[in-house]
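Please look over the sequence and the structure shown here before reading on. The briefing below is meant for a reader who is meeting this structure for the first time.

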Amino acid sequence: MEKALYLPTENSTTLFAVIGNPWALLGIWLVLINLVTFLVFGLDKWKARRKVRNETIRRVPEKTLFLLFVLGGSIGALLGMRIFHHKTRKWYFRFGIPLLLILQGAALCCFAAFAAGLFAPTTA
């Protein structure tokens, strides 16, 4: 039995290019996770302000904020910290987010160099 091969039609070439390209998927993931992280930082700051008046409001756990910026939302977390002035006193957020952003950028550069063949073994 032959497998059906999906070939893009003229209307779906853009979608096929995005799904077939891992760099495009990575770009979409990073945009989405950073947007979500930024919004969650804003939501937590909003809840922190309201908690002063209403004790029943539950805040976003710090573990969730950590998970979001470890999964690639470092830029969104850094922007959320700066814009909302949220979690700026805690040292592990103040130094951890920029450090993780640098590490994620270095990892992305290494993966890009590897994909471009810069680490390919040379034969003499």
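This is a predicted model: local features need pLDDT of at least 70, side-chain atom pairs count only at pLDDT 80 or more; totals for chains, interfaces and linings use all residues.

Residues are numbered from 1 along each chain as its sequence is written, and side-chain values use heavy atoms, with hydrogens and water left out.

**The chain as a whole**

- The secondary structure consists of six helices and zero strands, where helices (H or I, at least four residues) and strands (E, at least two) are DSSP runs numbered from the N terminus.
- The chain has 124 residues, and 23% of them count as buried; buried means under 20% relative accessible area, exposed means over 50%, and partly exposed lies in between, with a 1.4 Å probe and protein chains only.
- About 9600 Å² of accessible surface belongs to the chain, and carbon and sulfur atoms hold 70% of that surface; such areas come from the Shrake-Rupley method with a 1.4 Å probe, and for residues only the protein chains shown count as cover.
- Among the contacts in the chain with a separation of 6 or more, 63% are between residues 24 or more positions apart, a contact being heavy atoms within 4.5 Å.

**How helix α2 packs against helix α6**

- Helix α2 covers residues 22–51 and helix α6 covers residues 96–116, and the two pack at an angle of about 170° with their axes 13 Å apart; the axes are lines fitted to C-alpha atoms, for helices over the stretch in contact, and angles run from 0 to 180 degrees between N-to-C directions.
- That angle makes α2 roughly antiparallel to α6, given that angles over 145 degrees count as roughly antiparallel, under 35 as roughly parallel, 65 to 115 as roughly perpendicular and the rest as oblique.
- On the α2 side the contact is made by Trp 23, Leu 26 and Phe 41, and on the α6 side by Ile 97, Leu 108, Phe 111, Ala 112 and Ala 115.
- Sorted by class, this contact of α2 with α6 has eight nonpolar, no polar and no charged residues; Ala, Val, Leu, Ile, Met, Phe, Trp, Tyr, Cys and Pro count as nonpolar, Asp, Glu, Lys and Arg as charged, and the others, Gly among them, as polar.

**Salt bridges**

- Side chains of opposite charge can pair when their charged atoms come close.
- The structure holds three salt bridges, each defined as a side-chain nitrogen of Lys or Arg within 4 Å of a carboxyl oxygen of Asp or Glu.
- One of them joins the side chains of Asp 44 and Arg 59, at 3.0 Å from N to O. Because Asp 44 lies in helix α2 and Arg 59 in the loop between α2 and α3 (62–70), the pair ties together parts that are 15 residues apart in sequence.
- Asp 44 is buried, at 0% relative accessible area, whereas Arg 59 is partly exposed at 33%.
- Glu 62 forms a salt bridge with Lys 87, and their closest N and O atoms are 3.0 Å apart. This pair links distant parts of the chain, with Glu 62 in helix α3 and Lys 87 in the loop between α4 (74–84) and α5 (91–94), 25 residues apart.
- The side chain of Glu 62 also meets that of Lys 90 in a salt bridge, at 2.9 Å from N to O. Since Lys 90 lies in the loop between α4 and α5 and Glu 62 in helix α3, this pair ties together parts 28 residues apart in sequence.
- Shared partners join Glu 62, Lys 87 and Lys 90 into one network of salt bridges.

**Individual residues**

- Thr 37 is found in helix α2 and counts as buried, at 0% relative accessibility.
- The C-alpha atoms of Thr 37 and Gly 76 are separated by 5.3 Å, although the two residues are 39 residues apart along the chain.
- Leaving aside residues up to four places away in sequence, Thr 37 touches Leu 68, Gly 73, Gly 76 and Ala 77.
- His 85, in the loop between α4 and α5, has a phi near 50°, a positive value in a residue other than glycine, and counts as exposed at 57% relative accessibility.
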